[in-house]
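Work through the following exercises with the coordinates open beside you. Each task is followed by a solution that goes step by step.

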Amino acid sequence: LGSIEDLSKFPYTMIQTCQNDPVRDYGILMALRLKKAGVKNVYLKEHQNVPHGLLNMTSPVMELKQEAYVMI
């Protein structure tokens with residue numbers, strides 16, 4: 001919701017999204033708006049086949065654990 005002027009004051013930013021996350025599109029939109037505001041080094045990484053809250057999960061599924069390590 002911030003103005004372009006406010007967003008232009010952000011530092012270098014890394015945004016990580018999860019493919020199966022209901023708020024994923026907001027993360028993508030934020031990255032695009034930061035780039036439009038002229039923020040240098042906006043890095044957007046989308047993690048495939050994982051849900052929202054991945055880092056809070058104690059899943060025995062190895063693929064989820066591996067992707068959590070990549071996020072960290």
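Throughout, a residue is called buried under 20% relative accessible area, exposed over 50% and partly exposed in between, with a 1.4 Å probe and protein chains only. The model is predicted, so local features need pLDDT of at least 70 and side-chain atom pairs count only at pLDDT 80 or more, while totals for chains, interfaces and linings use all residues. Residues are numbered from 1 along each chain as its sequence is written, and side-chain values use heavy atoms, with hydrogens and water left out.

**Exercise 1. Positive phi**

Task: Determine where Asn 49 is found, and whether Asn 49 is buried or exposed.

Solution: Begin with the secondary structure, in which helices (H or I, at least four residues) and strands (E, at least two) are DSSP runs numbered from the N terminus. Asn 49 belongs to strand 2, and its phi is positive, about 60°, although the residue is not a glycine. Because its relative accessible area is 58%, Asn 49 is classed as exposed. Next, turn to Asn 41, another residue other than glycine with a positive phi, near 60°. Asn 41 sits in the loop between helix 2 and strand 2 (42-51), and a relative accessible area of 52% makes Asn 41 exposed.

**Exercise 2. The surroundings of Thr 13**

Task: Find which residues Thr 13 touches, not counting residues up to four places away in sequence.

Solution: Finally, look at the side chain of Thr 13, which has a polar atom 2.7 Å from the backbone oxygen of Pro 11.

**Exercise 3. Nonpolar cores**

Task: Identify which residues make up the largest nonpolar core.

Solution: Use the rule that a nonpolar core is a set of buried Ala, Val, Leu, Ile, Met, Phe, Trp, Tyr and Cys residues joined through side-chain atoms within 4.5 Å. The largest such core has seven residues, namely Leu 7, Ile 15, Ala 31, Leu 34, Ala 37, Val 39 and Val 42. A second, separate core has six residues, among them Cys 18, Leu 64, Ala 68 and Met 71. As background, nonpolar side chains in soluble globular proteins tend to be buried together. Returning to Ile 15, its contacts beyond four places in sequence are Gly 27, Met 30, Ala 31, Leu 34, Tyr 43, Leu 44 and Lys 45.

**Exercise 4. Salt bridges**

Solution: In the case of Glu 46 and Arg 24, the closest N and O atoms of the salt bridge are 3.0 Å apart. This pair links distant parts of the chain, since Glu 46 is in strand 2 and Arg 24 in helix 2, 22 residues apart. Through shared partners, the salt bridges join Arg 24, Asp 25 and Glu 46 into one network. As for accessibility, Asp 25 is partly exposed at 49%, Arg 24 is partly exposed at 25%, and Glu 46 is partly exposed at 22%.

**Exercise 5. A buried histidine**

Task: Decide which side chain makes a polar contact with the side chain of His 47.

Solution: His 47 lies in strand 2 and counts as buried, because its relative accessibility is 0%. A polar contact is a pair of N or O atoms within 3.5 Å, where within protein one must be able to donate a hydrogen and the other to accept it, and residues adjacent in sequence count only if both atoms are side-chain atoms. The partner is the side chain of Glu 67, at 2.5 Å. Leaving aside neighbours within four places in sequence, the contacts of His 47 include Gln 16, Thr 17, Cys 18, Glu 67 and Met 71.

How values were computed. Contact means heavy atoms within 4.5 Å. A salt bridge is a side-chain nitrogen of Lys or Arg within 4 Å of a carboxyl oxygen of Asp or Glu.
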